[in-house]
Amino acid sequence: MAKLTITTFITLDGVMQAPGGREEDTSGGFQNGGWLVPHVDQVFGEFMTDVFSRVDAFLLGRGTYRIFESYWPKMTDPNDPVASKLNNLPKHVVSRTLDRTTWNNSVIVRNLADEIGAIKARYTGELQVHGSHGLCQSLINGGYVDEINTLVFPVAVGSGKRLFETGTTPTAFKLASSRTTQNGIVIATYQRTGAPTYGTFAAP
């Protein structure tokens, strides 16, 4: 059974929209795309290489799939640790509107709740989610996520799609590991533990 992981880049104010380019995702009038790029450093690259070394398959939302499909097939170096995995490994695309897929080894998932169990059972490594804002909401709220890697960048953009939107199902996590890069990226891995527990500070 695969471990379902989310790896996401977010700002200090929780936005995950369009980290890699000005025109990557302008939906909702978003004008601050590309906020990640000035902060990329060696430790960031090493962490992402390690993440992609563990992947067996990808689970992607329609929007992220289309962004990836327009870029990664052009990266043909077989030794590239990211491109080689994205271009060759299975990609499960969650969409009710996508007519067909053209990127190598891609299949459409029409009903996430009905199919997620079988997809996880097909693999033994990590089933990885990258980007895919709407899909992340469904996976977190459905209790399907085993682990989340957050890479928090030292910038706030004020508006945009957030990893945890209003209405997120209350969920508890434990911190499995963390580190900070030389450019101020805080990288943390959280494992889902179930429902939150609550308490009250004793009155003096």
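In the predicted model, glutamate 147 is buried, its relative accessible area being 7%. The side chain of glutamate 147 forms a salt bridge with lysine 3, and the closest N and O atoms of the pair are 3.5 Å apart. Because glutamate 147 belongs to strand β6 (residues 147-153) and lysine 3 to strand β1 (residues 3-11), this contact ties together parts that are 144 residues apart in sequence. Lysine 3, in turn, counts as partly exposed, at 34% relative accessibility.

A further salt bridge joins lysine 161 to aspartate 25, with an N to O distance of 2.9 Å. This pair also links distant parts of the chain: lysine 161 is located in the loop between β6 and β7 (172-180), aspartate 25 in the loop between β1 and α1 (42-53), and the two are 136 residues apart. Lysine 161 is partly exposed, with a relative accessible area of 27%, whereas aspartate 25 is buried, at 18%.

Lysine 120 and aspartate 146 likewise meet through their side chains in a salt bridge, at 3.1 Å from N to O. Since lysine 120 lies in helix α4 (residues 112-121) and aspartate 146 in the loop between α5 (133-142) and β6, the pair ties together parts that are 26 residues apart in sequence. Here lysine 120 is buried, with a relative accessible area of 13%, while aspartate 146 is partly exposed, at 26%.

Overall, the count of salt bridges comes to six.

Methods. Residues numbered from 1 in each chain as written. Predicted model: local features only at pLDDT ≥ 70, side-chain atom pairs only at ≥ 80, totals over all residues. Heavy atoms only, no water. Salt bridge = Lys/Arg side-chain N within 4 Å of Asp/Glu carboxyl O. Helix = DSSP H or I, 4+ residues; strand = E, 2+ residues; numbered from the N terminus. Buried < 20%, exposed > 50% of the residue type's maximum accessible area, 1.4 Å probe, protein only.
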